[in-house]
Amino acid sequence: MQDANQMRFGISGLLCALASTAIFIVSNGEAMAQDAASSLASNMAGLGAGLPALISSNAADGSTSYSLSLQILALMTAMTVLPSLVLGMTSFTRIIIVLSILRQAMGTQQTPPNQVLIAIALFLTFFIMSPTLTNIYETAAEPYLSGNVSAESALSSASGDMKEFMVKNTRKDDLNMFLDLAAKGAVETPKDVPLTVLLPAFITSELKTAFQIGFLLFLPFLVIDMVVASVLMSLGMMMLSPMLVALPFKLLLFVLVDGWSMTVGSLVATYVV
């Protein structure tokens, strides 16, 4: 009986200790929650105090100037669409397609590798676009960085130079087709052509020209393949791959006629700057 009373007292003491611990945890938890809420509120207040850096102000002449934070945000956004601009508004597309068709016509598999072809296409693109890019820097980028013109004026000037380049190298039929599809009227100057019409017309024209050049490059190598295949068939060497035998003759022909210089020179000459 005495042991039962002692056990009952022990259990009662344990329950009292657990209850006091729970009350302590709850009270401290409420205090910690209040501290966390006040800390979050102070942090949000500090963040709200820093957000006014993202502002734009109107000048007396009607132009709009943007804070440095907004300019950096716009620059980072532009960097994400830079690959699309390189592919769709420059000579890169035509060059890389022609080089890829040339490699396939020669039958060299992955030689030159894709990285080399992309590097050649990029360097040729910079070479072809250098007059246009120089003009954009002199008329748009440099005045804007000097603070002489607003961002809208610089962007309008740069887009006008790019439009002029693309219109000069776009087929009239493709441009008229997209103008008709967009229900646009006739335009007087290249700067009047909207980008929504000019961009698809330019890329379509580039693809058509690239495939035409690739077809002309493919013909001499196709003739070599046919001659080698006919000779092997006449000799009864049907188990020997014609592509393997024709590859040295293709490389020899390409080197003798200075094929790389002819290809690169022809690609550069197809553009009007």
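## Burial and overall make-up

Of the 273 residues in the protein chain, 26% are buried. The model is a predicted one. The chain holds ten helices and two strands.

Taking contacts between residues at least 6 apart in sequence, 68% join residues at least 24 apart.

## The pairing of H5 and H6

Helix H5 covers residues 114-146 and helix H6 covers 151-168. A pair of packed helices is described by the angle between the two axes and by the distance between them. The axes of H5 and H6 come within 8 Å and cross at roughly 170 degrees. Angles over 145 degrees count as roughly antiparallel, so H5 is roughly antiparallel to H6. On the H5 side the contact is made by Met129, Thr132, Asn135, Ile136, Thr139, Ala140 and Tyr144. H6 contributes Ala151, Ala154, Ser157, Ala158, Asp161, Met162 and Phe165. By class, the residues of this contact are nine nonpolar, four polar and one charged.

Threonine 132 sits in helix H5. Its relative accessibility is 9%, so threonine 132 counts as buried. Leaving aside residues up to four places away in sequence, threonine 132 touches Asp161, Met162, Phe165 and Val273. Threonine 132 and phenylalanine 165 are 33 residues apart along the chain, and their C-alpha atoms are separated by 7.2 Å.

Aspartate 161 lies in helix H6. With a relative accessible area of 10%, aspartate 161 is buried, because the cut-off for buried is under 20%. With residues up to four places away in sequence again left out, aspartate 161 touches Thr132, Asn135, Ile136 and Thr139.

Alanine 141 belongs to helix H5. Its relative accessible area is 28%, so alanine 141 is partly exposed. From alanine 141 to alanine 154 there are 13 residues in sequence and 6.6 Å in space, C-alpha to C-alpha.

## The largest pocket

The largest pocket holds about 1,400 Å³ of space. Its lining is made of 33 residues, and those nearest the centre are Ala78, Leu85, Ile136, Leu155 and Ala158.

H5 gives the most, with eleven residues. By class, the lining of the largest pocket has 28 nonpolar residues, four polar and one charged.

## The second largest pocket

About 260 Å³ of space lies in the second largest pocket. It is lined by 14 residues, and Leu217, Phe254, Gly259, Met262 and Thr263 are the closest to its centre. At least two lining residues come from each of H8, H9 (242-256) and H10 (259-269). The lining of the second largest pocket divides into eleven nonpolar and three polar residues, with no charged ones.

## Backbone features in the loops

The loop between helix H4 (92-106) and H5 contains proline 112. The peptide bond from threonine 111 to proline 112 is cis, with omega near -5 degrees. Glutamine 109 is found in the loop between H4 and H5 as well. Glutamine 109 has a positive phi of about 60 degrees although it is not a glycine. Its relative accessibility is 61%, so glutamine 109 counts as exposed.

Aspartate 258 is found in the loop between H9 and H10. This aspartate 258 is not a glycine, yet has a positive phi of about 55 degrees. Aspartate 258 has a relative accessible area of 42% and is partly exposed.

Note on methods
Residues numbered from 1 in each chain as written. Predicted model: local features only at pLDDT ≥ 70, side-chain atom pairs only at ≥ 80, totals over all residues. Heavy atoms only, no water. 1 Å grid on protein atoms, 1.4 Å probe; cavity = no way out; pocket = protein on both sides within 12 Å on 5 of 7 lines; lining within 4 Å. Points joined across faces, edges and corners; volume = space filled by probe spheres on them. Helix = DSSP H or I, 4+ residues; strand = E, 2+ residues; numbered from the N terminus. Nonpolar A, V, L, I, M, F, W, Y, C, P; charged D, E, K, R; others polar. Buried < 20%, exposed > 50% of the residue type's maximum accessible area, 1.4 Å probe, protein only. Contact = heavy atoms within 4.5 Å. Axes fitted to C-alpha atoms, helices over the stretch in contact; angles between N-to-C directions. Parallel < 35°, antiparallel > 145°, perpendicular 65-115°, else oblique.
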